Amino acid sequence: MMNDETKSMTIMKDSFLTNEEKWHFELQGYLVLDNIIPESDLKEMRSILNNWLTVEEHNLPPPLKRGNQDSNKTHIRHIHYGHKIFQKLNMNPEIIRIVAGLTWGNPRLFHCVFTQMVTGPEKYGFHRDDDGIKFTPGFRNPNNDFQVADGEIFCSHLATWVALSDIPPGTGLCLVPGSHKSTIAEPKTLVAEHNPPVSITIPMKAGDAIIFSTRLLHNASPWTEDYPRLNILQRYVFGWFFDLPHLYPIEEYRNKLSNEMYELEKMMREEKLVVQKVHKTLNR
């Protein structure tokens with residue numbers, strides 16, 4: 001007989017995804033969400049971020065950190081601790097619906113960063129994201145896993161790439177569809193640029209988003225436009241494990257988060273408020 005403690009550990013497997021979404025994600029490793037951010041929010045985000053890009057770094061609201069990964073890329077980390085408009089984005093119902101559906105009802109946010117990219121000479125190779133723990137080749141990292149069985153998907157590590165500026169064909173985020181299932185190392189000569197059918201870029205309008213398994217080979221394709229590419233990258237994991245030291249929440253700045261945002265960042269077994277809200281809005 002199951003006791004109360006055992007019952008509380010039962011995983012929620014009822015899917016939030018349509019069969020078409022599950023088919024596409026299982027086959028290619030990503031989904032595209034169109035027009036999920038209203039124009040008024042986009043305008044406010046761009047205004048706030050432009051200020052954070054131009055002020056002296058010591059004037060950024062803590063714990064925000066600004067830096068340059070490459071000569072033509074500027075990052076600002078932990079942006080949702082600086083303004084609630086980005087907390088709203090992290091809890092966007094369409095994003096949560098997909099992420100919850102792929103993490104069996106228990107998503108946890110552990111990374112949120114803004115990137116501005118301008119034209120540059122660099123060419124990038126592909127990579128996969130992980131949780132900071134390097135597993136011996138051939139072993140599966142349970143915190144970056146992808147499994148499909150009985151009509152359901154379990155993906156324990158997801159990324160969301162949100163466009164704040166228009167992304168024309170042939171540039172922006174570059175993906176290798178289906179590579180989330182590959183167990184063979186990619187060729188060293190493979191570079192992140194538009195080269196169908198091996199690698200693709202997806203045209204986007206400001207306010208669109210791509211959700212993908214972090215096992216999918218990806219990177220930024222060279223940017224060629226005369227305006228900056230602006231995007232926000234969120235990463236979500238299955239919320240039951242593991243409580244690694246670099247994961248959110250940043251307890252020192254807990255007072256900057258709403259209760260719902262703080263809960264979304266925590267490792268916990270109970271169904272989170274943001275997921276409960278998605279349950280209530282679904283009609284299927």
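## Salt bridges in this model

A salt bridge is a side-chain nitrogen of Lys or Arg within 4 Å of a carboxyl oxygen of Asp or Glu. Side chains of opposite charge can pair when their charged atoms come close. The model here is predicted. The structure holds 10 salt bridges.

## Lys88 and Asp41

Take Lys88 and Asp41 to begin with. Their closest N and O atoms are 2.8 Å apart, and the two residues form a salt bridge. The pair links distant parts of the chain. Lys88 sits in helix 4, residues 84-90. Asp41 sits in helix 3, residues 39-54.

Asp41 has a relative accessible area of 8%, so Asp41 is buried. The cut-off for buried is under 20%.

## Glu26 and Lys181

Which residue pairs with Glu26? The partner is Lys181, and the closest N and O atoms of this salt bridge are 3.5 Å apart. Glu26 belongs to helix 2, residues 19-28. Lys181 belongs to the loop between strand 8 (172-175) and strand 9 (200-201). The pair therefore ties together parts that are 155 residues apart in sequence.

Glu26 is partly exposed, at 27% relative accessibility. Lys181 is also partly exposed, with a relative accessible area of 39%.

Arg46 and Glu39 form another salt bridge through their side chains, at 3.1 Å from N to O. Arg46 has a relative accessibility of 27% and counts as partly exposed.

Some salt bridges share partners. In this way Glu21, Glu94 and Arg97 are joined into one network.

## Where helix 5 meets helix 7

Arg97 also has a part in a helix contact. Helix 5 covers residues 93-102, and helix 7 covers residues 273-281. Their axes come within 10 Å. At what angle do the axes cross? They cross at roughly 100°. Angles of 65 to 115 degrees count as roughly perpendicular, so helix 5 and helix 7 are roughly perpendicular to each other.

Which residues meet there? From helix 5 come Pro93, Ile96, Arg97 and Ala100. From helix 7 come Val274, Val275 and Val278. Six residues of this contact are nonpolar, none is polar and one is charged.

Key. Residues are numbered from 1 along each chain as its sequence is written. This is a predicted model: local features need pLDDT of at least 70, side-chain atom pairs count only at pLDDT 80 or more; totals for chains, interfaces and linings use all residues. Side-chain values use heavy atoms; hydrogens and water are left out. Axes are lines fitted to C-alpha atoms, for helices over the stretch in contact, and angles run from 0 to 180 degrees between N-to-C directions. Helices (H or I, at least four residues) and strands (E, at least two) are DSSP runs, numbered from the N terminus. Angles under 35 degrees count as roughly parallel, over 145 as roughly antiparallel, 65 to 115 as roughly perpendicular and the rest as oblique. Contact means heavy atoms within 4.5 Å. Ala, Val, Leu, Ile, Met, Phe, Trp, Tyr, Cys and Pro count as nonpolar, Asp, Glu, Lys and Arg as charged, and the others, Gly among them, as polar. Buried means under 20% relative accessible area, exposed over 50%, partly exposed in between (1.4 Å probe, protein chains only).
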